[in-house]
Amino acid sequence: MFADYSMAELTSIFAMQGFAGLILFSVFVLMALGLAIIFGQMGVINMAHGEFMILGAYVTYLTSNIFSSYLPESVYGSYFFIAMILAFFVTGALGAFIEWSVIRHLYKRPLDTLLATWGLSLIMQQLYRSIFGAREVGVTLPDWLMGSYAITDMIEVPINGIFVMILTIIITIAVALMMQKSRLGKQTRAVVQNRPMAAAVGINTERVDRLTFALGCGIAGIAGSAFTMVGSTGPTAGQLYIVDTFLVVVFGGASSLIGTVASAFTISQAQSTMEFFLSGSMAKVLTLLTVVIILMLRPEGLFSLKMRR
Amino acid sequence: MNKVGSFIERYQLSHFIILAVIIFVVMPLALDSFRLNMVGKYLTYAFVALGLVLCWGYGGILSLGQGVFFGLGGYCMAMFLKLEASSPENTAIQSTPGIPDFMDWNQLTELPWFWEPFHSFAFTIVAILVLPAIFAFIIGVAMFKRRVGGVYFAIITQAVAAILTILIIGQQGYTGGVNGITDLRTLHGWDIRTDEAKNILYFVNGVLLFVCLFAARFIIKSKLGRLLVAMREREDRVRFSGYDVSSFKIFIFCAAATISAVGGAMFTLQVGFMSPTFVGTGPSIEMVIFCALGGRLAILGAVYGALVVNWAKTSFSESFPELWLFAMGALFIGVVMAFPNGLAGLYQTYIAPWLQKYVPEKFHWIVTNKYAEEKPVSATTSATTEGSETEDSSADTKKSEKGDLSHAGN
């Protein structure tokens, strides 16, 4: 199948598909980061994670509307940063509320959290549909994100894609630093490794649980915010990504952030490269199937945390 | 005293009889042919819910991919019916007569090899029973032999359901794509679209459901059933007692798959089509709620759960379509948080004692069993402990914490 293309064409095909894969990778990483924190650290399956992401996207959409209708045009370019912060706090607050009202009663029954959060995701989807309508909405990109950047005359990359990628890198590093260095991060890891002992040395484990869950949801909100840069938002858009994202997290080794990033990279690159040569659905089937088979052979994922139990 | 036969107790028998009366007498008398066919459709979901009672309620294995097996059964039946419906005479206007219409639309000129055997009805029946079991066996061996369970198993089965849906939709020429396999007409020359045929199929479906219910009852009452419960509670202890835990899990997962597939095949016969909408992750999780609402430990509850949820879905969608998802979501959260034992639990705690007041003592065995045979799941503490064999350390810590406390209590 390569014979029809010249060498230069092949290179640019791979570069362009690779770049498309990098955008998919950014969405995966941003979604999976939140999930990896919630699932990897707390053992809670949050099926409503996609809907939290969409909440962030809708917050961004609303902010951009407010900016374009009430504020002078000169500041419109900066709406995204404010929207992102708002999205983080709105989804984080909702996450904390959900943890308080539902999740904390179910910690000992992980499979039941799965069902409860699925119910939550249905409710949230219908809420979005009632409030924002069933049609997809998109934001108007500010001027500085429009257009594309030509690397060679055959390879062009869109600027919003580059922006989302840089954003992903910054957020990933921030999250990694936070889990490693900050007080909350250290407390979270202590609680994960040994809950009774962490409680014994004076860590308020319930508060740590709530903050961790809120943080995971907040990152989903940022993911949603970034998602508006590359795609449009609909009530059910979160559902499209949730299975893939869970696979990313499990494939990467649930409690390892590096693993999450590595597996998101592998899966997104494999999928977008194959998409060019096969149909989109077959590329996805092959990718997911490979991941499932690898997980059957190596259930602990690519990177696993070694600890005494 | 309290037993009829070796595996069914008297009060259980009375409940079986009540359900039989509802399905075989009350429903056909009270409903017209259209509604009866709809109830028949709901009852096909009861098969899946029953399978979930076995593998989730008793085995502690939550599969989010039961729609896969329902779909496999349904597709096998649909393939046979479609081949019969696309005889060369019926499809003379096609460019290649004798192949299903959607293949012709997708420029296929001959029947794919895996469609060929479905000309035979005997092969179809065997395929419906065996194919899902083989598929479940492959998944089961890969997962349980490596001691993967709990939430990991749920995620993988969900991914399998997603993969199969994408595959079916993507391979339009071979599977009928997103529309599924439609326009099914006859079974061995017997028109399945008439009201009379639908009524007969309803009763066939009911009988098959009871066969499966008795089979499930038999499994639960056997030593295997006891072992399953023991495994669900303390898997490592069962393993240390010398049992091969994974084989029991694989068996119950395959049994659940086969039961679901029977439901799928009956669905195709009664509704007249099969499509990927019944395979994917959404419907698969929806099927779990039938089981959860009925009571995850109650085989008869599964039937009531499937009936109630689907009846509610139809009536809600007819009058307030936008409220349905709210109701469904609330149902998921409510069942899990407020009454994890579902309708069966509610019956045991509230209705049975109330009934006892009004029923003469001689007939108490009809309403309740004095000694509840299964310790129910309480809302606050865990009875279903999953994730013991996974990498999921936090669940482990919590579990061992709880385990230690319960030892201290003993």
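A salt bridge here is a side-chain nitrogen of Lys or Arg within 4 Å of a carboxyl oxygen of Asp or Glu. Keep in mind that this is a predicted model.

**View 1. A:Glu99 pairs up with A:Arg210.** The two side chains meet in a salt bridge, 2.9 Å from N to O. This pair links distant parts of the chain: A:Glu99 sits in helix 3 (residues 79–101) of chain A, and A:Arg210 in helix 8 (residues 205–230) of chain A, 111 residues apart. A:Glu99 is buried at 1% relative accessibility, while A:Arg210 comes out as partly exposed at 25%. Across the whole structure, the search turns up 14 salt bridges over all chains.

**View 2. Two salt bridges within chain B.** B:Arg239 and B:Glu235 form a salt bridge with their closest N and O atoms 2.9 Å apart. They are four residues apart in helix 10 (residues 235–240) of chain B, so about one helical turn separates them. Both ends count as buried: B:Arg239 has a relative accessible area of 18%, and B:Glu235 has 10%. Then there's B:Glu286 with B:Lys313, again a salt bridge, with the closest N and O atoms 2.9 Å apart. B:Glu286 lies in helix 12 of chain B and B:Lys313 in helix 13 (residues 299–319) of chain B, so this pair ties together parts 27 residues apart in sequence. B:Lys313 is partly exposed, at 27%.

**View 3. Where chain B meets chain A.** The contact draws 52 residues from chain B and 52 residues from chain A. Together the chains bury about 4800 Å², with 75% of it on carbon and sulfur atoms. On the chain B side, helices 5, 6, 12, 14 and 17 each supply at least two residues. Helix 6 of chain B gives the most, with 13 residues.

**View 4. A:His49 and its neighbours.** A:His49 belongs to helix 2 (residues 49–70) of chain A and is buried, at 0% relative accessibility. Leaving out residues up to four places away in sequence, its contacts include A:Met31, A:Leu35, A:Gly216 and A:Ile242. A:Gly238 is 189 residues from A:His49 in sequence, yet 7.6 Å away in space, C-alpha to C-alpha.

**View 5. B:Gln270 in helix 11.** That helix of chain B spans residues 245–271, and B:Gln270 is buried at 1% relative accessibility. Among the residues B:Gln270 touches, beyond those up to four places away in sequence, are B:Asn37, B:Lys41, B:Lys198 and B:Tyr202.

Technical notes: Residues numbered from 1 in each chain as written. Chains lettered and ligands numbered in written order. Predicted model: local features only at pLDDT ≥ 70, side-chain atom pairs only at ≥ 80, totals over all residues. Heavy atoms only, no water. Contact = heavy atoms within 4.5 Å. Buried area = accessible area lost by both parts, 1.4 Å probe. Buried < 20%, exposed > 50% of the residue type's maximum accessible area, 1.4 Å probe, protein only.
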